[in-house]
Amino acid sequence: MRVAVTCGYATSLHAIALIHRLAQEGHEVALCLRVRVLSKARARFYLRQLGWRGFRRKLVNRLFPQRAQSLPAGSDETTPMLEYLAEHGIASRNISAACRSVGAREIVVGSLNDASAICAIRQTGVELVVYGGGGILSQEFLDAPPRGVLNTHGGPLPQFRGMNAGEWALFYGVRPAMTAHMVVRELDLGPTLFQQDVPVECWHRGIAYGRGVCARSVVEADVAAVRLIQDGSAKPCLQRPDDGRTFPVMAPPLLEVLERWIAEERTPTLSPAEFHFSPSSLDG
Amino acid sequence: MTPAHPTPFQQLLVERADLGVSFLVRAIEACGGQGAATFYSRFYCPLRGWFWPYPETTGYIIPTLLEYAAFANRPELAQLAVRQADWILTLQYENGALPGGHVAHGQKRPASIFNTGQMILGLVAAADHTRDEKYLNSAIQAAQWLAGEVDETEGTWTRHGFSSEKKPSYYTRVCWPMLEVWARTRDDSIRTAAVRVLDTIRGWQLPSGGFTGWMFETGKAGYTHTVAYVLRGFLESARLLGEAGKPFEQAAYRCADALRRRMELRGRLAGAYHGDLRGVYWYTCLTGNCQIALNWMIIYERTGDARFLSAAFKALQFVIERQKVRPLDPNLRGAIAGSSPIWGRYLTLRYPNWAPKFFVDACLMAHRLLGNLLEQGPCGSPSPAVTQPVFMPSR
């Protein structure tokens, strides 16, 4: 199948893995839409979201990923993905190199919703876009590929939408899982294709490592979902907004609590299917 | 209930709450132990720095000092708190009312609806702590005066106001202390009056979730300080009213949730909000941050929705980063400015006593909730917690 991949920055290991793995599976990766890191709108968004210190940290991580890569194994988020790249014989460490090696066209855009991005999808005859990051998508973008936009969410849907979904699931005592779904305008509310468990044990090496394992599993789930879509065997399951909640970025003090629970091996016991938010007056 | 191994954030909360209390103690000592100085500012008071004592906030500092005294095992703070209640007793008018504004040269100002309510909180807390009836009797007199002043036609108070806003929605925070008195006396005339006002103000809720009249000046945006007053009044009144208070709780949840979403999208709270929840973002009202964090934590306790707890920690962290820890002026140690930046519109260039008051309340509550989480483990889908007034020592 002819696919396109999106990504948020030039050294996204997740997107690099996605491009290579889709190509290895026999798909034609025709296009990669990469969002420019240093755009005014993006800088403003992150400054508001993270504050100056967080913004600087994010910027340094994005511009100098080798710093993170030089950290000892198991100490941060990128390690599992680097291991994954090595396992699959993927040598590229930036998007341009990945695109060159699979023969994909790389387009750098200010936003995925720019006319140039949408135009490129139509011109290259891409059937499906696999979302590998890059921001919130407009309806026009979502309508451009005939088979839509695929994303794998890092938490169990429909219960845990939004940010840090894996961490929130752990926080509520639910075993982490990820969900492949078709993207719609409303955040993480698109029809789900399947859910895949993430071993709880991977979180025992710390939250950052757990996140890294999730990112690796997301790539595999994306690849599996593209195969299902290609075969026509995908069975989308509609979500109801009331079946879950949209979560924000988890505040650091709650992450500290989570770290403590993990250290004490208070592992979650509920499967996503067993968990439901008790109806609160907020949901009414 | 201090966990054996507090998290780094819990340790930070304890350190910063202690600093906040040290500022409150200095504010009281600056007035000879008779009330807490309204604010500290070398710009407004170049010689002394401290402004005259402010009975209203001294009133609600009492429960904070009592709670912190129990938390930190510092009985001298409880004694200081009770002395403030004694000072408030000396200010009461014969009809039960308590004065507005500050007290300069021993001269008290005319009666004020809002300020009377806030001082009742202090009197009730002192009564609970000492079991001395004089404080409760004083609170009863004050609450009866408030009940008698409700305008039957308007369904709220129309006299003895503070600001140009004739019908403030933050009067919900007067209903709460009245209901605290009702909870201890079962005087139904007080309950009826309070519920009447709460019903009226609930009717002012806008489709956005915001309320009309939550500002000091008509037509302007309301500081998060007064926005949080409205919410707290509803939340605490609902707690005291039980099933009958559900509609008020709902009104507060709606508004608090809308504010939470805005904060998450924008990354921080605005300094002030219009009724339609358009924010004024060029400054932040620091005391408002602490108060809204408290409201969110209360909602988390009642609903188990951890998104509110997360939001509360973010709002509180914003203030922690701006508390004066090692200032050149030793009087400012532990102080929190009215606004960030300090030239912001709320209490420009001043360090009010109520900013550390709400900060300490928020730190203690956050500490307790984190302790509960550490003990209980993953929260699952928690059942509604038994809620207590924040000022009641719960340890």
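Val5(A) has Cys32(A) in β2(A) as its bridge partner. The two strands involved, β1 (residues 2-7) and β2 (residues 28-35) of chain A, run parallel and are joined by 6 bridges. Two strands count as paired if DSSP finds at least two bridges between them. Helices (H or I, at least four residues) and strands (E, at least two) are DSSP runs, numbered from the N terminus.

This is a predicted model, in which local features need pLDDT of at least 70 and side-chain atom pairs pLDDT 80 or more, while totals for chains, interfaces and linings use all residues; side-chain values use heavy atoms, without hydrogens and water. Residues are numbered from 1 along each chain as its sequence is written, and chains are lettered from A and ligands numbered from 1 in the order in which they are written.

The open sheet of chain A has 7 strands in the order β3-β2-β1-β4-β5-β7-β8, with mixed pairing. Because β3 (105-109) and β8 (192-197) of chain A each have a single partner strand, they stand at the edges, and one side of each lacks a neighbour in the sheet. On average, neighbouring strands of this sheet are turned by 20 degrees against each other, direction ignored. Helix α5 (residues 95-102) of chain A lies across β1, β2 and β3 of chain A, at about 165 degrees to β2(A).

Two helix pairs are listed here. Axes are lines fitted to C-alpha atoms, for helices over the stretch in contact, and angles run from 0 to 180 degrees between N-to-C directions.

| Helix pair | Angle | Axis distance |
|---|---|---|
| α10 (286-303) and α11 (306-320), chain B | about 160 degrees | 8 Å apart |
| α1 (13-24) and α4 (78-87), chain A | roughly 20 degrees | within 10 Å |

The angle makes α10(B) roughly antiparallel to α11(B), a term for angles over 145 degrees. By class, their contact (heavy atoms within 4.5 Å) has 15 nonpolar, 1 polar and no charged residues. Ala, Val, Leu, Ile, Met, Phe, Trp, Tyr, Cys and Pro count as nonpolar, Asp, Glu, Lys and Arg as charged, and the others, Gly among them, as polar.

α1(A) and α4(A) are roughly parallel to each other, the term for angles under 35 degrees. Their contact includes Leu13(A) and Arg21(A) of α1(A) and Met81(A) of α4(A).

Between the chains, the contact takes 35 residues from chain B and 28 residues from chain A. About 2700 Å² is buried between them, 59% of it on carbon and sulfur atoms; buried area is the accessible area (1.4 Å probe) that two parts lose on being put together, summed over both. In chain B, Arg307(B), Leu374(B) and Pro378(B) lose the most area to chain A, together 21% of what that side buries.

Definitions and conventions
Parallel < 35°, antiparallel > 145°, perpendicular 65-115°, else oblique.
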